[in-house]
Amino acid sequence: MKNREILELEVNGHRRQTAARPYDVLLDVLRDGLDLTGTKRGCDMGTCGCCTVLMDGKPVLSCLTLAGQCEGKAITTIEGLKDGAHLHPLQKCFADAGGSQCGFCTPGFLMTCTALLEKNQEPSDGEIREAISGNMCRCTGYVKIIEAIQQSAEVLRARKAGNEGQADV
Amino acid sequence: MLLPRFELHRPSSVDEALTIAARHAGDCDFIAGGTDLLQNYKNRLNPRGHVVSLLGIDALQELSPTRIGALTTLARIEESETMRRELPILVEAASKVASPLVRQTATLGGNLLVETRCYYFNQSEFWRRSKGYCLKAEGDVCLVVPQKETCYAAFSGDMAPALMALGASARLKSLDGERIVKLTEFYEGDGIKRYVLRPGELVQGVELPPSATSLRGAYRKLRLRDTFDYPELGLAVTLGMEGEKIRELHVCAAAMETVPLCFDDLTGSLHGQPLSDSLIQLLGERIVKRVKPVKNTALSPNYRRKMVMVYLRRMLEQLATAGN
Amino acid sequence: MSEPKSGAAKGVIGQRLPLVDARKKTTGEAVYTDDIRLPNTLVGKILRSPHAHARIKGIDTSRALALPGVAAVVTGAENRANFGVLPISKDETALAVDKVIFVGDQVAAVAAEDEEIALEALGLIQVDYEVYPAFLQPEDSLKDVADPAHKIHARTVGETNVHKQVDQHFGDVDAALKDARIVRRGHFEFGSVTHAFTEPHCVIARYDTDGKLTLWSATQVPHYVHRALVEVTGLPMHAIRVIKPMVGGAFGGKSDPFPHEMAAALLSMKSGRPVKILFDREEVFLSHHGRHPTKTDIAVALDRDGKISGLDLKVLIDGGAWGSFGVVTTYYNGVLSAGPYDVSNFRYSGKRVYTNKPPCGAMRGHGAVNSRFAFEVLLDEIAEELGEDPCELRLKNFLPEYTTTINEFRITSNGIAEGMLRAMERSGWKEKYRQLPPGRGIGAACGFYISGSALPIHWSKLPQSTVHLKIDMDGGVTVHAGTADIGQGSDTMLAQCVAQVLGLPMSRLRVYTADSDMDPVDLGSYSSRVTFMAGNAARRAAEQIRTELIEAASRLTGYPAEGFVLEDELVVYTPLPRIRMSYMEALTEALADRGALIARGSYQSPPMGGKFKGAAAGLSPTYSFQSYISEVTVDEETGFVKVEKVWAAHDCGRALNPIAVEGQVEGSIHMGLGQLLSEQFRYHDGNVLNPNLLDYKTLSAKEMPEVECILIESGDPEGPFGAKECGEGPLLPILPSVANAIHDAVGVRIRRLPVTPEDILQGIQKNRMERSDVAAKIRVA
């Protein structure tokens with residue numbers, strides 16, 4: 001279409017350029033423009049949370065975010081969560097604890113939970129439920145997702161304690 | 001899902017935004033977080049050819065107990081320690097809007113102007129066409145109340161009743177200048193034309209009287225799930241006591257009708273009286289008699305009205321003891 | 001080297017293992033259908049009917065075809081071939097032929113260069129309709145139609161819109177009702193609920209220059225899609241390849257072959273290019289194939305010995321526009337109700353009707369959920385009336401293990417009583433039942449479910465499951481099966497079964513499934529059949545490989561094959577454990593002069609069941625059993641229910657992977673609670689009022705109760721390592737156990753689902769009025 005313009009976005013730490021229409025949402029640009037298909041399209045109406053990405057560290061619904069409003073923001077998608085070849089503790093815990101069954105909601109949950117654990121490494125059960133209450137899962141009944149988040153928080157706390165311990169030495 | 005075509009404008013000041021809006025008057029929407037507007041656009045509900053993004057504007061971000069900018073996100077209100085201390089009712093209301101993901105980008109301005117809800121309106125173009133369209137979008141008959149020529153879609157914002165109950169006013173600006181309108185006077189009309197905002201006029205935010213922080217306040221929301229859902233009833237109550245007597249009492253409600261309702265005419269006469277069970281009962285009965293929800297949301301109108309009484313009593317009991 | 005004590009669990013069976021694809025699902029690497037990008041792909045879009053029932057007088061596609069960027073348009077006039085999941089009711093077509101029968105019915109399909117053009121093209125198609133009266137209430141469909149043209153489908157019972165009628169009678173129910181100590185009756189109504197999986201349907205069809213059609217689709221049963229494509233495209237079966245990529249949840253909702261899959265194939269054949277069709281959420285709702293709404297009349301009789309002597313069931317089933325699995329549904333509403341109890345007299349009359357609404361089909365707990373609810377609630381009422389403990393009443397009436405039911409189901413392993421006792425103990429039932437403070441309550445209910453259908457829907461001597469294995473010199477084991485992993489973990493299950501037999505770690509296993517060119521036929525992921533059937537096939541295939549490895553070890557060592565076992569990547573001669581070699585050594589010997597080891601295992605249900613009409617329905621090689629106890633709090637002023645905790649005992653035979661089994665139980669509880677408390681299709685005439693995930697209300701993390709899974713391992717004699725199903729049965733008892741708990745809390749009985757807070761509040765207020773009436777009478781007296 002003639003109405004596409006070059007859009008420059010910072011995604012997963014890299015500056016990426018792609019042609020986009022003024023009425024494209026971020027989800028479409030990520031999936032179709034940048035080939036980052038890890039971000040999922042569930043309801044496309046802001047309810048299910050499958051399309052959650054981080055924008056400047058905050059979890060946002062990419063299906064209800066205009067791509068044209070994202071320039072200058074740091075976007076992190078599920079593809080950017082790993083540290084090189086190393087899984088983020090959330091990724092490992094979701095996999096190991098059964099927090100992911102069909103996996104379709106998993107990227108969205110992981111982005112939401114990344115933001116949660118950045119803010120709060122000792123979330124209570126209630127805080128976890130509140131934090132994930134914008135993400136829908138139809139497989140797990142949320143039980144093992146909550147367990148996975150608790151386990152991840154524990155890993156992150158231990159890691160932090162370890163780092164602090166080292167710093168002391 | 002593809003959005004309808006529009007041109008996106010990204011001004012960096014309020015005046016620039018107003019100029020663009022004036023240039024495309026009648027074919028223009030402002031967008032901030034977009035969580036409401038883009039859903040409606042995806043459904044082809046009254047889309048415009050020009051969309052003016054406000055996110056590049058540095059102003060309109062203030063957050064204090066006397067002034068909240070339209071671009072302040074609901075998450076910021078929810079997380080603000082100052083607001084939690086000074087105006088907890090707003091934190092309560094903000095934290096009950098939609099889901100935490102929506103609240104990250106949804107703004108105060110957006111929630112004040114949030115599109116009304118109705119089963120027969122918030123549907124895809126395919127759906128609406130198959131029903132011959134509703135009064136609010138393309139059609140000429142209301143599918144809920146077919147004999148009427150007004151729209152009954154429910155006002156579904158959570159912030160408005162809470163702000164109204166605190167005596168807040170909206171700060172509006174257009175190329176013609178600024179004006180301040182009490183929120184209780186801001187909303188009027190039916191489900192289509194629901195406020196006094198003029199074409200090309202922008203809500204810059206709200207301002208609250210300094211005395212608002214002296215009121216105890218609570219906001220409760222009726223909905224099937226404790227997340228996602230729009231209010232089936234959103235009840236805001238603020239109370240100021242002088243000893244055992246009511247100094248000030250405001251009750252405001254969302255989702256009962258097409259605009260948020262304020263019952264100052266019923267509560268005004270109660271000032272100076274002790275807050276008794278019978279007073280609460282009488283007030284509740286009067287409010288229940290007044291509200292007229294229709295059958296266009298998940299819970300029945302009758303039940304929603306009944307809950308006004310239950311919520312009102314619980315909230316007033318809570319507020320009465322909160323001060324002791 | 002020390003040897004493990006005999007009897008100590010070795011290997012991967014019973015371990016809490018992550019799913020084999022779990023990590024990829026956490027990184028975005030997992031590829032679902034919509035993530036596949038093929039070169040030169042067109043976007044397909046579907047024009048849908050705005051009418052519930054109408055004749056198509058004409059379709060003009062010329063303007064759409066003339067639009068630049070449109071590559072192909074198809075309509076029903078070009079392809080009238082019928083298909084459908086059941087050979088006995090093939091009443092679907094790729095696109096509507098001559099008439100439309102629900103709002104959302106597919107009328108035409110367009111393939112274009114991009115989405116914008118495709119949508120514009122849809123708007124240019126002119127369809128001329130003659131609107132017919134719509135049949136929206138199931139009762140209306142029972143009547144003879146005024147005009148034969150108004151029959152929704154040609155093949156029905158007489159001049160009605162009744163699709164299927166089932167009547168069964170075992171024993172003498174009338175006598176049982178007459179002689180009973182107590183009879184309870186009830187009329188129940190169940191709303192329409194749907195799967196609400198997170199991944200919308202998506203399909204890519206590619207018809208290539210070699211005349212071969214490849215279809216990637218989010219399906220539970222690639223094999224049924226394969227069969228339907230043959231009927232619709234006319235291509236030979238071997239020219240069609242069906243591949244299931246990752247599937248984002250299904251729960252029965254992706255088990256039919258779908259018209260949009262057929263339309264994508266036709267568009268690709270017409271355009272010569274790949275075509276992708278992705279549904280928006282509204283389309284998912286309009287195509288739902290969810291649980292059939294039913295109206296259920298039930299009577300339960302208890303005799304003087306406290307035994308359930310009679311069950312009389314009459315069910316009216318609203319099927320929506322198509323047959324789908326409906327014939328099976330009609331049977332299941334009856335035949336899966338009497339068990340898990342030993343019911344001595346049983347009668348069932350079921351009618352499934354067509355209506356002009358989105359089609360219903362199979363959904364988790366297929367056919368069994370609603371009748372189960374009615375029965376379990378009435379049992380609670382009987383216990384209440386007799387002043388008995390409802391759990392004790394159930395314990396007195398459970399089927400024993402290894403028995404035959406009155407409708408000739410063969411029952412093998414059965415751990416239901418153990419489950420009931422453990423749930424009672426864990427929940428503190430005896431201290432809580434009828435003793436919790438007002439507004440709090442506890443309730444129990446049970447269930448049972450098939451572990452695969454013993455008879456396939458296409459009569460054939462082919463096995464129901466076949467698994468191929470291949471091991472080459474790299475030492476990795478590839479597992480090939482037609483099974484469909486839809487998130488439930490069937491790939492992991494297959495790998496575990498093979499790894500266990502071969503004494504290998506999971507890292508050596510690679511599972512390739514659901515590709516009709518590469519994998520043997522499997523009847524797919526529905527009716528909770530995969531673990532039992534494909535698990536057995538995998539085990540059998542692996543046993544052949546094991547034999548070959550052991551023979552190789554025997555050749556190399558000179559010791560007799562009988563003494564060797566495979567464990568921990570070793571081949572060990574157990575009489576003299578120092579005689580051992582690595583798995584790779586044995587493998588190298590086994591490969592010598594002949595190349596890769598390959599093996600095939602299969603499963604076919606043994607013959608079973610009665611000879612009467614409909615005897616095959618509900619037959620299964622084994623059954624799972626559930627005993628649940630739920631605790632709730634009810635707000636007596638608002639009617640809101642909070643489910644606090646569920647003690648869920650489920651007899652899965654053997655938990656091959658407890659994490660996966662618990663996940664099925666927990667997910668089932670979530671889905672069942674939704675049907676009970678919040679989920680339903682709302683209609684305005686033929687239009688679904690809430691075709692989106694905001695207004696169709698699945699419960700959130702905030703509403704989900706704490707769940708304690710109590711896995712009962714009864715050890716099925718025919719199951720792989722003793723296992724049986726865990727994907728569907730666990731849904732059944734959650735609804736009635738919570739309903740019974742609500743009654744314990746506030747004295748309100750539930751007759752209509754979903755139960756709204758308003759219903760409960762009305763019940764509470766009615767009780768209060770009745771109580772004050774009684775009090776007034778006492779005062780007067």
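Predicted model: local features only at pLDDT ≥ 70, side-chain atom pairs only at ≥ 80, totals over all residues.
Before you start: residues are numbered from 1 along each chain as its sequence is written, and chains are lettered from A in the order in which they are written. Local features need pLDDT of at least 70, side-chain atom pairs count only at pLDDT 80 or more, and side-chain values use heavy atoms, with hydrogens and water left out.

**Exercise 1. Work out how many disulfides there are over all chains.**

Start with the rule: a disulfide is a pair of cysteine sulfur atoms within 2.5 Å. Over all chains, that gives zero. Take A:C137: its nearest cysteine sulfur, in A:C105, is 3.9 Å away. Now go to B:C252, whose closest cysteine sulfur sits in B:C262 at 3.5 Å, too far for a bond.

**Exercise 2. Decide whether B:C252 and C:S255 are buried or exposed.**

Buried means under 20% relative accessible area, exposed over 50%, and partly exposed in between (1.4 Å probe, protein chains only). B:C252 comes out at 0%, so it's buried. C:S255 is buried too, at 0%. Next, look at what C:S255 touches, with contact meaning heavy atoms within 4.5 Å. Skipping neighbours within four places in sequence, its contacts include C:V85, C:Y224 and C:Y526. A polar atom of the C:S255 side chain also lies 2.7 Å from the backbone oxygen of C:G252.

**Exercise 3. Find which residue in β6(C) is the bridge partner of C:G58.**

Strands are DSSP runs (E, at least two residues), numbered from the N terminus, and two of them pair if DSSP finds at least two bridges between them. β2(C) and β6 (residues 126-131) of chain C pair antiparallel over six bridges. Within β6(C), C:G58 has C:D128 as its partner.

Conventions:
Polar contact = N/O pair within 3.5 Å; in protein donor to acceptor, adjacent residues only side chain to side chain. Helix = DSSP H or I, 4+ residues; strand = E, 2+ residues; numbered from the N terminus.
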